[in-house]
Amino acid sequence: MKIVYETIKEEYPEAMVIGLAPTMTDIQWIRDVFSLGAGKYMDAATMHPYAAQKTLEASGFIKRMQEIRQIADENGCEDLPIWITENGWYKYTCTESTSFEKAKEYLKEIQNIFKDAVIIAFEGDKKITLKEALDKVGK
């Protein structure tokens with residue numbers, strides 16, 4: 001990370017270097033990456049915490065994201081933004097025979113999951129981080 005980060009910043013100082021991007025949120029790997037000091041060599045961390053066929057609550061999604069925030073904080077990266085840049089729940093399967101109304105129901109429920117979870121939210125024009133969002137919903 002250090003060599004890549006420094007090379008990018010030397011050539012393009014305004015570029016954002018985004019790190020991590022684990023697909024299944026391997027907590028031990030994330031802990032290892034931060035404990036080795038890699039958090040100093042990224043402008044944001046990104047996660048892809050898929051929840052398989054579980055509900056948001058059953059997947060432990062919020063708990064895992066809080067744990068990731070804590071790992072970053074414990075390793076001197078309190079101000080490092082953590083972004084969810086890819087995610088999904090495989091609870092619903094639409095096929096050619098799925099009615100339009102049923103697909104709309106699925107989309108509405110998915111929309112509510114994201115709204116209720118407050119994973120990454122916007123306040124007016126101000127983007128807030130996961131840490132701020134979790135603080136707002138009371139951890």
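Predicted model: local features only at pLDDT ≥ 70, side-chain atom pairs only at ≥ 80, totals over all residues.
Numbering starts from 1 along each chain as its sequence is written, and side-chain values use heavy atoms, with hydrogens and water left out.

Okay, the strands. Helices (H or I, at least four residues) and strands (E, at least two) are DSSP runs, numbered from the N terminus, and two strands pair if DSSP finds at least two bridges between them. E2, residues 44-47, pairs with E3, residues 82-84, in the parallel sense over three bridges. Strand E1, residues 18-20, also runs parallel to E2, joined by three bridges, and there Ile18 sits opposite Ala44.

So what covers E2, one face or both? Both: Ala44 and Thr46 on one side are buried, and so are Ala45 and Met47 on the other. Buried here means under 20% relative accessible area, exposed means over 50%, and partly exposed is in between (1.4 Å probe, protein chains only). As a reminder, side chains in a regular strand alternate between the two faces of the sheet.

Now the charges. I'm calling it a salt bridge when a side-chain nitrogen of Lys or Arg is within 4 Å of a carboxyl oxygen of Asp or Glu. The whole structure has four of them. One of these joins Lys9 and Asp43, with the closest N and O atoms 2.9 Å apart. Lys9 is in helix H1 and Asp43 in the loop between helix H2 and E2, so this pair ties together parts 34 residues apart in sequence.

Then there's Glu67 with Arg31, at 3.2 Å between the closest N and O atoms. Glu67 lies in helix H4 and Arg31 in helix H2, so parts 36 residues apart in sequence get tied together. Glu67 is partly exposed at 27%, and Arg31 is partly exposed at 29%.

Asp73 and Arg69 make another one, at 3.0 Å. Both lie in H4, four residues apart, about one turn of the helix. Arg69 is buried, at 4% relative accessible area.

Last, the rings. Rings of Phe, Tyr and Trp (its six-membered ring) pair if their centres lie within 6.5 Å; planes under 30 degrees apart are stacked, over 60 edge-to-face, and the rest tilted. We get one aromatic pair: Tyr5 and Tyr41, edge-to-face, 6.0 Å centre to centre with 70 degrees between the planes. Tyr5 and Tyr41 are both buried.
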